[in-house]
Amino acid sequence: MALLPIRTYPDPVLAQKCRPIDQVDQDIRRLAEEMAETMYDAPGVGLAAPQVGRPIRLIVVDTAEGEQRGNPMMLVNPEILEAEGELVFNEGCLSVPDYTADVHRAARVKVQARDLDGKPVHIEAEGLLSVCLQHEIDHLDGRLFIDRISQLKRSMYRKRRLKQLRREGS
Ligand SMILES: [Zn+2]
């Protein structure tokens, strides 16, 4: 197992619509394990495949705390079936360094996906898990949380980020 390098804004892979996974094979299982390891190491509460450079519909999520942590959800082709209510949550992202912002999301979602055995999974989520699932599924559609804030805030972040990257010489 290896930690995977995390792609950061404005890497174009983060803006790509990811393709569905037809079959969960050894490569996908290994990728999911490595993504989980990378998420715990970061640490973060979720990670989507495009964040490690793979534009496919796979996410890992673990919103538990303390000793409960370590049992990641690994979801293939996750889809939001129902969304209701509204909440505002201060979000960050491993691919959007040094920035957080308040984002409006649905308060509750029903998500359908497959697990790594190809079996259907249904999740009803609220609170942090609901936010996290919406955030990760957004990644699969090439959308970052900064695409859900005001244009002014986004362009201020973009300028700051590009300046930072120039300083780092990348
Ligand atoms: Zn993210």
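Guide: A residue is called buried when its relative accessible area is under 20%, exposed when that area is over 50%, and partly exposed in between (1.4 Å probe, protein chains only). This is a predicted model, so local features need pLDDT of at least 70 and side-chain atom pairs count only at pLDDT 80 or more, while totals for chains, interfaces and linings use all residues. Residues are numbered from 1 along each chain as its sequence is written, and side-chain values use heavy atoms, with hydrogens and water left out.

Visitor: Thanks! Which protein donors does the zinc ion have?

Guide: Donors are N, O and S atoms within 2.8 Å of the metal (3.2 Å for Na, K and Ca); water is not among the atoms, so sites may look incomplete. Here the protein donors are Cys93 (SG), His135 (NE2) and His139 (NE2), at 2.0 to 2.2 Å from the zinc ion. Their spacing along the chain reads C-x41-H-x3-H. Cys93 sits in strand β4 (residues 87-93) and His135 in helix α2, 42 residues apart, and this pair links distant parts of the chain.

Visitor: Are Cys93 and His135 buried or exposed?

Guide: Both Cys93 and His135 are buried. Gln134 also belongs to helix α2, and its 8% relative accessibility makes it count as buried too. Contact means heavy atoms within 4.5 Å. Leaving out residues up to four places away in sequence, Gln134 touches Ile80, Arg105, Ala106 and Val109.

Visitor: How many helices and strands does the chain have?

Guide: Helices (H or I, at least four residues) and strands (E, at least two) are DSSP runs, numbered from the N terminus. This chain has three helices and seven strands, in the order α-β-β-β-β-β-β-β-α-α along the sequence.

Visitor: Which strands does β2 join by bridges?

Guide: Two strands pair if DSSP finds at least two bridges between them. Strand β1 (residues 46-48) is joined to β2 by three bridges, and the two run antiparallel; Leu47 has Val60 as its bridge partner in β2. Strand β3 (residues 73-84) is joined to β2 by four bridges, again antiparallel, and Ile59 stands opposite Leu75 in β3. Both faces of β2 (residues 58-61) are covered: Leu58 and Val60 on one side, and Ile59 and Val61 on the other, are all buried.

Visitor: How many aromatic pairs does a search of the whole structure find?

Guide: A pair of aromatic rings is described by the distance of the centres and the angle of the planes. Rings of Phe, Tyr and Trp (its six-membered ring) pair if their centres lie within 6.5 Å; planes under 30 degrees apart count as stacked, over 60 as edge-to-face and the rest as tilted. The search finds three pairs. The centres of the Tyr99 and Phe145 rings are 6.2 Å apart and their planes lie at 20 degrees, so this pair is stacked. Tyr99 is in strand β5 (residues 96-105) and Phe145 in the loop between α2 (127-140) and α3 (151-168), 46 residues apart.

Visitor: What aromatic pair do Tyr99 and Tyr157 form?

Guide: Tyr99 and Tyr157 form a tilted pair, with 4.7 Å centre to centre and 35 degrees between the planes. Tyr99 lies in strand β5 and Tyr157 in helix α3, so the pair ties together parts 58 residues apart in sequence. Tyr99 counts as buried at 17% relative accessibility, and Tyr157 is buried with a relative accessible area of 1%. Tyr9, Tyr99, Phe145 and Tyr157 form one aromatic cluster.

Visitor: And the backbone: which peptide bonds are cis?

Guide: Most residues other than glycine have a negative phi, and most peptide bonds are trans. The bond from Tyr9 to Pro10 is cis, with omega near 5 degrees, and Pro10 lies in the segment before α1 (26-41). The bond from Ala42 to Pro43 is cis as well, with omega near -10 degrees; Pro43 is in the loop between α1 and β1.

Visitor: What is the phi of Asn77, and of Asp98?

Guide: Asn77 has a positive phi, near 50 degrees; this residue lies in strand β3 and is partly exposed at 21% relative accessibility. Asp98 has a positive phi near 60 degrees; its place is in strand β5, and at 55% relative accessibility Asp98 counts as exposed.
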